Amino acid sequence: MHWKPWYARRLWAAACLSLLVILLSVVWLAWPSNQPASSSIVNHIRLLTNTIVHTLENEFVELLPPDAPIREKLTGWSQETRIGLKVVLPDGTMIYDSDDSSVRRIHPRFELDYTLRMSDGDPPDYHLAFPLLDAGTNAFAGYAQFTVPASAATAAIPSSGLLLVVPWTLLSLALLTLLYVLFSTGRRVQRDLVEPVAGLKPYAEAILKGDYEQRAEWASNNEVGELYAVFDLMREEIRNLHMQQASHSQSHKELISNLSHDLKTPLATIKAYIDAIREGICPDLPSVMAYLEVVHANTSKMAVLVDDLLLHALRDLDQIAVRPLEQYSSSTIEPVLRTMAHYIRTMGVRCVEPSSIPNVLVIIDAVRFEQVIANLVTNALKHTKPGDTITLAVEELAESSSLRIIISDTGSGISPQDMPFIFERYYQGGVPDRKKLAERHGVGLGLSICKYIMEAHGGTITFHSKQQQGTTFCLTLPLS
C-alpha cells in the first residue's frame with residue numbers, strides 16, 4: 001500500500017467527521033428545543049414519586065379499606081406536591097383517586113399512560129403510570145398513575161442556556177480531538193512508514209551499482225518488516241541470478257575456447273595430410289589410404305563436437321526434438337547395441353553383449369536413444385584401455401514396470417570430487433595428467449544432453465563408480 005493514498009484517505013475521513021460534528025452542532029444551536037428530553041422528564045418524575053411508590057408497594061394491602069389511614073397520607077402528599085395520583089388494581093378497579101372523581105373502574109390497557117404523555121391543558125401536565133410490586137410477595141399488585149405539572153417536572157432540568165453550552169463544548173472537544181488525531185497520525189506515518197521506506201533507497205542504489213551484499217533488515221515484525229524481508233529476498237534472488245549469469249557467461253567463454261582448441265587440432269591434422277597427398281608424398285595407394293584413415297578419424301572427432309554443440313544449442317532453446325513412440329524393445333535396442341559392440345571391439349576393448357533382450361513395449365525415440373548409448377559408450381572408451389571390458393546388458397524390472405539398459409566398464413572410474421557434477425553442462429572433470437588433457441576430446445556437453453533426453457522419455461539415468469575399478473551407467477525406460 002502506498003502511504004500517500006492511505007494518509008489522504010484518513011485526512012478525508014477526519015474532514016468528513018469534522019463536517020458532520022459541525023453540522024449537528026449547527027442544527028442543535030439553530031433549533032434548540034424548549035422542552036427537555038422525555039427521558040430526562042421520566043427520570044425526574046421517578047425521583048419525585050419514588051417515595052410514594054415505595055410506600056404503596058410496602059403498604060398496598062392497607063390501602064384497600066376505604067377508611068385506611070394511608071389514604072390521608074397520600075392525599076396530604078398530593079396536595080403538597082400538586083401531583084395527582086390514581087391507584088388501580090390489575091383488573092382496572094380504581095381504589096384511590098386524589099381528585100375524588102366518580103370513576104371507579106377503567107381499562108388498564110387503554111386508559112393508563114405507560115409512556116410519558118403530555119396533556120393539552122394550560123398549564124400542561126405530564127401523565128405517567130408505574131407498575132406496583134407487593135414488597136412482601138414481590139407479586140404484581142397494580143398501577144400508580146401520576147399527573148405531574150410541567151413546571152414541577154422540568155424544575156430540575158437544565159435551562160436553555162445550559163443546553164446551548166453543551167453543543168459548543170462537544171464541538172470544541174471534537175475539534176481538539178480531531179486535531180490531535182491528525183497530528184499523531186501524521187507523526188506515526190512519518191516515523192513508521194515514510195522513514196523506513198525512504199531507508200530502502202541506499203539498498204536499492206547499491207543493487208543498481210552491482211553491490212548485492214548489503215542486507216536490508218528491519219527490527220519490527222510488522223508490515224514494514226515484511227517489506228524489508230521481501231526486499232532482501234529480492235536482493236538475494238538478484239544476486240543468485242547475477243552469479244548464474246556470470247557463471248553461464250564464463251561457461252560459454254570456456255566452451256568457445258575449448259571448441260576452438262578441439263577443432264583447431266583435427267583441422268590442422270586434416271589439412272597437413274591432405275597437403276601431403278596433394279604434393280605426392282604418398283608413393284602408393286596403401287599410403288594414401290592410411291593418410292585418408294587419419295583424415296577420416298579427425299573428421300569424426302569434429303562431427304561429434306559439432307553434434308554436441310548443436311544439441312546443446314537446441315536444448316537451450318527447448319527445441320531438442322524427442323518424439324517417443326510405442327515400440328518393441330528387442331527390435332529397437334538390439335541393432336543399436338550390436339553396432340556399439342562392433343565399434344568397441346574395433347577400439348581394442350573387449351565387449352560383452354546381452355545374451356537376450358526382453359521383448360516388451362516401451363515408449364522410445366530410437367534416434368535420440370541411440371545418441372545416448374553412443375555417448376555413454378564413447379565416454380567409456382575414453383576411460384578404458386586395450387584389454388579392458390565394456391559390458392552391455394538389458395533387463396526388465398517388473399516391480400517398477402520399467403526396462404533397464406546397463407553400460408559398464410572396467411576402466412579408471414570417476415573421481416569422488418567429480419561425481420556430483422558430471423551431468424552439468426561444460427563440466428569435464430579434473431585431469432591432472434597433461435598428456436591425457438591434451439588427448440581429451442569434447443566440451444563437457446554429452447552427459448548433460450543424455451540426462452535431458454532420458455528425462456524427456458520419462459526415464460532416468462544414474463551411475464556408480466569406483467576409481468580403478470570402473471563405472472556403470474543405468475538407463476531406465478518406463479514400459480508402455
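This briefing describes the overall make-up of a protein and then turns to a few of its residues. The model is predicted, and its secondary structure comes to 13 helices and 12 strands. Of the 480 residues of the protein, 35% count as buried.

**Overall surface and contacts**

- The protein has an accessible surface of about 29,400 Å², and carbon and sulfur atoms account for 58% of that surface.
- Among the contacts in the protein with a separation of 6 or more, 64% are made by residues 24 or more positions apart.

**A nonpolar patch**

- On the surface, a nonpolar patch is formed by Leu 17, Leu 20 and Leu 24, which together have about 280 Å² of accessible area.
- Leu 20, one of the residues in this patch, has its place in helix H1, which covers residues 3–30.
- Leu 20 has a relative accessible area of 46% and is therefore partly exposed, since that class lies between the 20% limit for buried and the 50% limit for exposed.

**Residues with positive phi**

- Most residues other than glycine have a negative phi.
- With a relative accessible area of 55%, Arg 82 is exposed, because exposed means over 50%.
- Asn 138 is likewise a residue other than glycine with a positive phi, in this case near 60°, and Asn 138 is found in the loop that lies between strand S4 (125–133) and strand S5 (140–149).
- The relative accessibility of Asn 138 is 60%, so Asn 138 counts as exposed.

Note on methods:
Residues are numbered from 1 along each chain as its sequence is written. This is a predicted model: local features need pLDDT of at least 70, side-chain atom pairs count only at pLDDT 80 or more; totals for chains, interfaces and linings use all residues. Side-chain values use heavy atoms; hydrogens and water are left out. Patches are made of residues with over 30% relative accessible area and no salt bridge: like charges are joined within 9 Å, nonpolar side chains (Val, Leu, Ile, Met, Phe, Trp, Tyr) within 5 Å. Accessible areas come from the Shrake-Rupley method with a 1.4 Å probe; for residues, only the protein chains shown count as cover. A salt bridge is a side-chain nitrogen of Lys or Arg within 4 Å of a carboxyl oxygen of Asp or Glu. Helices (H or I, at least four residues) and strands (E, at least two) are DSSP runs, numbered from the N terminus. Buried means under 20% relative accessible area, exposed over 50%, partly exposed in between (1.4 Å probe, protein chains only). Contact means heavy atoms within 4.5 Å.
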